[in-house]
Amino acid sequence: MKAWGSGDEAALGRLAEYVYPELRRMARRYMKDEAQGNSLQATALVHEVYLRLVDVNNVEWRGRAQFFAIAAQMMRRVLVDAARTHGSRRRGGAPAKVNLDDSAVLSPSPDRSILAVDEALTALSQLAPRQAKVVELRYFGGLTEVEIVAALGISPRTVRRDWDLAKAWLSRELKRRERV
Amino acid sequence: MSPERFRRIEELYHAAREGTPEERAALLAQSDPELRREVESLLFESSVGEFQDRHAIRNAAELLEDATVSRLQLGARLGPDRIEDKLGEGGLVAGKYQLLESLGRGGMGIVYRAEDIKLHRAVALKFLPADRVSAPEVRERFVLEARAAAALSHPHICTIHEIHDEGEAPFIAMECVEGQSLRARIKDHPIPIEQTVSLAMQIADALAEAHRKGIVHRDIKSANIVVRGKNGRRARRAVPQTGIR
């Protein structure tokens with residue numbers, strides 16, 4: 001993390017190798033220990049990993065934002081894998097209503113909405129990669145507007161507009177899927 | 001769809017969303033029909049989302065406002081900035097509706113029981129929340145909602161008497177259904193299976209009528225169903241919150 005902070009871009013890749021297993025391990029442990037029905041904001045987990053891996057006092061703002069950008073991507077993978085492992089795909093009717101303004105939730109019970117959001121987001125990224133990225137950072141990583149600005153190097157206004165449009169787009173897609 | 005197509009949608013969406021209602025109408029009118037449909041459905045989605053977002057955040061504020069409502073019931077003088085203040089002396093609305101009590105509120109409206117002092121009958125008045133009144137698109141939806149519900153005539157659908165869409169406190173006057181919400185009714189005690197089936201059939205029947213007229217309710221939930229009387233013999237949709245497609 002420090003190496004990357006001082007300009008070593010390859011260190012970013014090495015960092016990712018630590019983050020993913022750590023996230024997954026913690027997610028598994030959490031889901032095994034917690035009683036059914038409890039849930040945890042996925043972003044809380046991302047923050048925990050951050051605190052474990054990083055010397056918090058020694059990271060500049062941009063480094064922090066990029067860490068969370070990577071963690072968000074991985075958190076998405078962890079959540080999707082967990083939902084798939086639960087064998088919850090397309091079982092038991094329509095997915096629960098998704099409120100994209102609350103970040104993704106890690107739940108011991110199967111969560112179909114994660115898979116639905118993931119699929120819709122993948123489809124969106126084909127059309128609008130930047131907008132899809134903003135959603136990923138915010139929904140799966142819990143990044144704030146300021147952090148997204150730093151991570152993607154776009155203006156606050158663009159972040160707001162992207163989020164607004166992507167949210168409308170995804171809500172519409174999710175409703176369409178629900179009807180199928 | 002191609003990324004280029006998406007960019008055209010994106011451009012028009014933001015221009016329409018950030019423009020005034022007149023600019024938006026002009027922009028949409030100029031664009032090709034398919035593009036227009038896309039953008040309109042997204043704008044619609046975005047406005048629905050706003051209502052949902054607001055709903056969650058405003059709970060605390062609504063609790064405060066409910067205190068006003070209880071003051072109203074006691075007949076006390078009201079503080080400023082409330083819908084009730086804009087209604088004129090003595091809570092008389094449009095010269096003929098005497099406000100009596102609050103029946104409930106949601107993101108899209110505040111419902112009062114009132115008496116029509118000319119016709120001597122009970123009515124329910126649904127107002128827009130005070131902070132939504134100034135938004136033209138909100139008022140437009142309000143009128144559409146009333147129009148959609150007014151197109152329906154069914155024993156299990158609340159009858160619309162009139163809409164008053166001018167001034168600072170637009171409202172819909174409708175039949176006042178005596179009873180309690182299905183939500184309140186099933187909250188503490190389960191209801192017998194026969195009654196459940198009967199209510200479900202009445203609700204389905206009312207919805208079928210709406211669907212025949214091309215109207216989709218879009219927010220059917222127990223809080224929006226009023227069970228008439230103590231025995232709940234007849235179900236009614238009391239707060240029609242309709243969407244049109």
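Is A:Asp164 buried or exposed? Select A:Asp164 and check: it is buried, with a relative accessible area of 15%. The cut-off for buried is under 20%. Keep in mind throughout that this is a predicted model.

**Stop 1**

B:Arg17 is partly exposed, at 31% relative accessible area.

**Stop 2: B:Glu18**

Move to B:Glu18. This residue is partly exposed, with a relative accessible area of 46%. B:Glu18 and A:Arg161 form a salt bridge, with the closest N and O atoms 2.9 Å apart. Here too the pair crosses between chains, from helix α1 of chain B to helix α8 of chain A. A:Arg161 is partly exposed, at 23%.

Between chain A and chain B the count is six salt bridges.

**Stop 3: the whole interface**

Zoom out and colour by chain. The contact takes 20 residues from chain A and 19 residues from chain B. About 1,600 Å² is buried between the two chains, and carbon and sulfur atoms give 53% of that area. Select A:Leu127, A:Leu165 and A:Arg172. These three supply 36% of the area that chain A buries against chain B, more than any other three residues.

**Stop 4: A:Trp169 and its surroundings**

The structure holds five aromatic pairs over all chains. For one of them, select A:Trp169 and B:Phe6. Their ring centres are 5.0 Å apart and their planes stand at 65°, so the pair is edge-to-face. It crosses between chains, from A:Trp169 in helix α8 (residues 156-179) of chain A to B:Phe6 in helix α1 (residues 3-18) of chain B. A:Trp169 counts as buried at 5% relative accessibility. B:Phe6 is buried as well, at 2%.

Bring A:Arg172 back into view. Its charged end sits over the ring of A:Trp169, 4.8 Å from the ring centre.

Next, select B:Glu38, in helix α3 (residues 33-57) of chain B. At 17% relative accessibility, B:Glu38 counts as buried. Leaving aside its neighbours within four places in sequence, B:Glu38 is in contact with A:Trp169, A:Arg172, B:Met1 and B:Ile9.

**Stop 5: inside chain A**

Over all chains, the count comes to 21 salt bridges. Select A:Asp162 and A:Arg130 for one within chain A. Their side chains meet at 2.6 Å, N to O. The pair links distant parts of the chain: A:Asp162 is in helix α8, A:Arg130 is in helix α6 (residues 129-140), and they are 32 residues apart. A:Asp162 is buried, with a relative accessible area of 0%. A:Arg130 counts as partly exposed at 35%.

Then select A:Arg76, A:Asp118, A:Lys133 and A:Glu136. A network of salt bridges links these four residues.

**Stop 6: chain B overall**

Chain B has seven helices and eleven strands. Of its 245 residues, 42% are buried. Pick B:Tyr97, B:Tyr112, B:Phe127 and B:Phe171, which form one aromatic cluster.

**Stop 7: loops of chain B**

Which value does phi take at B:Ala94? It is positive, about 50°, although B:Ala94 is not a glycine. This residue is in the loop between β1 (92-93) and β2 (97-106).

Jump to B:His120, in the loop between β3 (109-116) and β4 (121-127). Its phi is also positive, near 55°, in a residue other than glycine. B:His120 is exposed, with a relative accessible area of 63%.

Finish at B:Lys213, in the loop between α7 (193-212) and β8 (215-216). This lysine counts as partly exposed at 46%. Leaving aside its neighbours within four places in sequence, B:Lys213 is in contact with B:Ala151 and B:Leu152.

Conventions. Residues numbered from 1 in each chain as written. Chains lettered and ligands numbered in written order. Predicted model: local features only at pLDDT ≥ 70, side-chain atom pairs only at ≥ 80, totals over all residues. Heavy atoms only, no water. Helix = DSSP H or I, 4+ residues; strand = E, 2+ residues; numbered from the N terminus. Buried < 20%, exposed > 50% of the residue type's maximum accessible area, 1.4 Å probe, protein only. Phe/Tyr/Trp six-rings, centres within 6.5 Å; stacked < 30°, edge-to-face > 60°. Lys NZ or Arg CZ within 6 Å of the ring centre and 35° of its normal. Contact = heavy atoms within 4.5 Å. Buried area = accessible area lost by both parts, 1.4 Å probe.
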